[in-house]
Amino acid sequence: MKLFTHNMLSSKSLEGVKVGYPLRIVAKEIKISKSEFNKEFVKKIIGNINWKVFVNAAKQIGYGKDLSEDLIKNYENDEEYLKKVHHLLMEVDIINGELICPESHRAFPISDGVPNLLLDED
């Protein structure tokens, strides 16, 4: 599971959960995979994610120490900064772990890189 994916996930469909966002990450296995840097793509993604949630998620898994909670000014023209963001968004994969609902504290497994948020209430 990539941090880009995490940024969109919620457990709001659980009974009694009002927001269910952001899910806390407990990573047990992380894999780094290289992918080609595309400056325009990264700039577009940054505009479509919740930045603070992204930075917090990166820190939860031990990455993103050099990212501030607020997006830097003029990030569109800072190629080194965009490369750091690209690395975290596109090259860091959580292979195994859990996502934890912030309200119900229910754990959802991440297995082989796939988060399972199915609502089997058993």
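The model I am reading is a predicted one.

**Entry 1: the sheet**

I looked up the strand order and found four strands in an open sheet, arranged β1-β2-β3-β4, with antiparallel pairing. The edges are taken by β1 (24–32) and β4 (114–115), and because each of these has a single partner strand, one side of each is left without a neighbour in the sheet.

I then went through the pairs one by one. Between β1 and β2 (residues 92–100) I found eight bridges in the antiparallel sense, and here Ile-32 stands opposite Val-92 of β2. The antiparallel strands β2 and β3 are joined by four bridges, with Glu-98 having Pro-109 in β3 as its bridge partner. Two bridges join β3 to β4, which again run antiparallel, and Ile-110 has its bridge partner, Pro-115, in β4.

**Entry 2: the hairpins**

Which residue takes a positive phi in the hairpin of β3 and β4? It is Asp-112, with a phi near 55°, in a hairpin that has two residues between the strands. In the hairpin of β2 and β3, where six residues stand between the strands, I found that His-105 takes a positive phi near 65°.

**Entry 3: the core**

I turned to the largest nonpolar core, which has 31 residues, and listed those that touch the most other members: Leu-3, Ile-25, Trp-51, Phe-54, Leu-67, Val-85 and Leu-99. The elements giving two or more residues to this core are α2, α3, α4, β2 and β3, and α4 supplies the largest share, six residues. In general, nonpolar side chains in soluble globular proteins tend to be buried together.

I picked out Val-85 and, leaving aside residues up to four places away in sequence, found that Val-85 touches Val-42, Ile-46, Trp-51, Phe-54 and Leu-67. I also checked how α4 is placed against the sheet, and α4 lies across β1 and β2, running at about 65° to β2.

**Entry 4: the salt bridges**

How many salt bridges does the structure hold? I found five, and I wrote down three of them here.

The side chains of Glu-40 and Lys-43 meet in a salt bridge at 3.1 Å, N to O. These two residues are separated by about one helical turn, because they are three residues apart in helix α2 (residues 39–46).

Asp-70 forms a salt bridge with Lys-52, and their closest N and O atoms are 3.5 Å apart. This pair links distant parts of the chain, since Asp-70 is in the loop between α3 (51–60) and α4 (79–91) while Lys-52 is in helix α3, 18 residues apart. Asp-70 counts as partly exposed because its relative accessibility is 48%, and Lys-52 counts as partly exposed at 46%.

Lys-83 forms a salt bridge with Glu-79, with the closest N and O atoms 3.6 Å apart, and both lie in helix α4, four residues apart, about one turn of the helix. I noted Lys-83 as partly exposed, with a relative accessible area of 35%, and Glu-79 as partly exposed, with 36%.

Methods
Residues are numbered from 1 along each chain as its sequence is written. This is a predicted model: local features need pLDDT of at least 70, side-chain atom pairs count only at pLDDT 80 or more; totals for chains, interfaces and linings use all residues. Side-chain values use heavy atoms; hydrogens and water are left out. A salt bridge is a side-chain nitrogen of Lys or Arg within 4 Å of a carboxyl oxygen of Asp or Glu. Buried means under 20% relative accessible area, exposed over 50%, partly exposed in between (1.4 Å probe, protein chains only). Two strands pair if DSSP finds at least two bridges between them. Contact means heavy atoms within 4.5 Å. Axes are lines fitted to C-alpha atoms, for helices over the stretch in contact, and angles run from 0 to 180 degrees between N-to-C directions. A nonpolar core is a set of buried Ala, Val, Leu, Ile, Met, Phe, Trp, Tyr and Cys residues joined through side-chain atoms within 4.5 Å.
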